[in-house]
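Work through the following exercises with the structure open beside the text, and try each task before reading its solution.

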Amino acid sequence: MIRDILNKFKWHPDFDFSKVVIVYIDRPKGFSELRGDEIEKIGHKFLYLYSGTAIPMHRIVEIRYGNEVVWRKRDDRNKKQT
């Protein structure tokens, strides 16, 4: 799902990949953001940045395009189990 969304923004001519903002869990800082133009490669399990950093896909919690949230990770930990 995340990979598909990012590939659409990267390769579709109607979108500007530099307008993509990704929020991810950055241990031990908490949360960090990166822009689409910082991403060198969208792998199957990682985002590879030009800086040499690899961000695991499971740490991504939100994807925005401009000011619009296009995807947000669901938090099932707060739901009661029945």
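Helices, of at least four residues, and strands, of at least two, are taken here as DSSP runs and numbered from the N terminus. The model in view is a predicted one.

**Exercise 1. Determine how many helices and strands the chain has, and in what order the elements run.**

Step 1: counting by that definition gives 1 helix and 7 strands in the chain. Step 2: reading from the N terminus on, the elements run α-β-β-β-β-β-β-β. Step 3: for the overall dimensions, the C-alpha atoms of the chain fill a box of roughly 45 × 30 × 25 Å along the principal axes.

**Exercise 2. Work out which strands pair with β1, and in what sense.**

Step 1: Step 2: strand β2 (residues 30-35) pairs with β1 in the antiparallel sense over 6 bridges, and isoleucine 22 stands opposite leucine 34 in β2.

**Exercise 3. Explain why β1 can be described as largely enclosed by the rest of the structure.**

Step 1: a residue counts as buried when its relative accessible area is under 20%. Step 2: in strand β1 (residues 20-26), 6 of the 7 residues are buried, and therefore the strand is largely enclosed by the rest of the structure. Step 3: for the chain, buried residues make up 35% of the 82 residues.

**Exercise 4. Describe the sheet that contains β3, and state which helix packs on it.**

Step 1: an open sheet is formed by 3 strands in the order β3-β4-β5, with antiparallel pairing. Step 2: β3 (39-42) and β5 (54-56) are the edge strands, each pairing on one side only, and the twist averages 25° from one strand to the next. Step 3: helix α1 (residues 2-11) packs on the sheet, where the helix touches β3 and β4, and its direction makes about 130° with that of β3. Step 4: between β3 and strand β4 (residues 46-49) there are 3 bridges, and lysine 41 has tyrosine 48 in β4 as its bridge partner.

Key. Residues numbered from 1 in each chain as written. Predicted model: local features only at pLDDT ≥ 70, side-chain atom pairs only at ≥ 80, totals over all residues. Heavy atoms only, no water. Pairing = 2+ DSSP bridges. Axes fitted to C-alpha atoms, helices over the stretch in contact; angles between N-to-C directions. Contact = heavy atoms within 4.5 Å. Buried < 20%, exposed > 50% of the residue type's maximum accessible area, 1.4 Å probe, protein only.
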